[in-house]
Amino acid sequence: KDWNMPRMLKFENATVGERNQQLAVLPGVTYVDLFDYLTDAQGQLNANYTTDGLYLNPQAYQVIAEQL
C-alpha cells in the first residue's frame with residue numbers, strides 16, 4: 001500500500017537495516033531485530049500494524065512487547 005508519505009520520509013528498509021546493524025555493535029547496546037515480526041511478505045510495514053504507514057498501532061506494540 002502506498003501511504004502517500006512525503007518523499008523525504010521514505011527510507012528504504014535496507015538502508016534502515018544497515019544503520020541498525022551499525023548501532024547494534026556499539027558497546028552497551030542490545031539490538032532486538034523486529035523486522036520479520038512487523039513486516040509483510042514484501043518487506044513493508046504490515047498494514048495490520050499501522051493506520052497511516054508510519055506510526056505503529058497498539059497491535060504492533062503488543063507484537064514488540066512479546067519479543068522483548
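Let me begin with the overall fold. The protein chain contains three helices and zero strands, and its elements follow the pattern α-α-α when read along the sequence. The chain has 68 residues, of which 21% count as buried. Its accessible surface comes to about 5600 Å², and carbon and sulfur atoms account for 53% of that surface. As for contacts, consider those between residues at least 6 apart in sequence: 38% of them join residues at least 24 apart.

Which residues make up the largest nonpolar core? There are six: Leu34, Leu38, Tyr49, Ala60, Val63 and Ile64. Helix α3, which spans residues 58–67, gives the most to this core, with three residues.

Alanine 60, with which I opened, lies in helix α3. Leaving aside residues up to four places away in sequence, alanine 60 touches Leu38 and Tyr49; both of these partners are also listed in the core. A further distance places alanine 60 relative to tyrosine 37: the two are 23 residues apart in sequence, and their C-alpha atoms are 8.9 Å apart in space.

Is threonine 39 buried or exposed? Its relative accessible area is 18%, and the cut-off for buried is under 20%, so threonine 39 counts as buried. The side chain of threonine 39 reaches the backbone oxygen of phenylalanine 35 at 2.7 Å. When residues up to four places away in sequence are not counted, threonine 39 touches Gln44, Leu45 and Asn46.

Threonine 50 is also found in the loop between α2 and α3. With a relative accessible area of 6%, threonine 50 is buried. Which backbone atom does its side chain reach at 2.8 Å? That atom is the backbone nitrogen of glycine 53. The side chain of threonine 50 also reaches the backbone nitrogen of leucine 54, at 3.5 Å. Threonine 50 and leucine 38 are 12 residues apart along the chain, and 9.8 Å separates their C-alpha atoms.

Alanine 47 and asparagine 57 are 10 residues apart in sequence, with their C-alpha atoms 9.9 Å apart in space.

Finally, let us consider the surface. Which residues form a nonpolar patch there? They are Leu23, Leu26, Val29 and Tyr31, and together they have about 330 Å² of accessible area. Tyrosine 31, one of these residues, is placed in the loop between α1, residues 13–24, and α2, residues 35–38. At 31% relative accessibility, tyrosine 31 counts as partly exposed.

To close, I return to two parts of the predicted model. On the surface, tyrosine 31 takes part in a nonpolar patch with Leu23, Leu26 and Val29. Thank you for your attention.

Technical notes:
Residues numbered from 1 in each chain as written. Predicted model: local features only at pLDDT ≥ 70, side-chain atom pairs only at ≥ 80, totals over all residues. Heavy atoms only, no water. Helix = DSSP H or I, 4+ residues; strand = E, 2+ residues; numbered from the N terminus. Buried < 20%, exposed > 50% of the residue type's maximum accessible area, 1.4 Å probe, protein only. Contact = heavy atoms within 4.5 Å. Areas by Shrake-Rupley, 256 points an atom, 1.4 Å probe, with all protein chains shown as cover. Core = buried A, V, L, I, M, F, W, Y, C linked by side-chain atoms within 4.5 Å. Patch = residues over 30% accessible without salt bridge, like charges linked within 9 Å, V, L, I, M, F, W, Y side chains within 5 Å. Salt bridge = Lys/Arg side-chain N within 4 Å of Asp/Glu carboxyl O. Polar contact = N/O pair within 3.5 Å; in protein donor to acceptor, adjacent residues only side chain to side chain.
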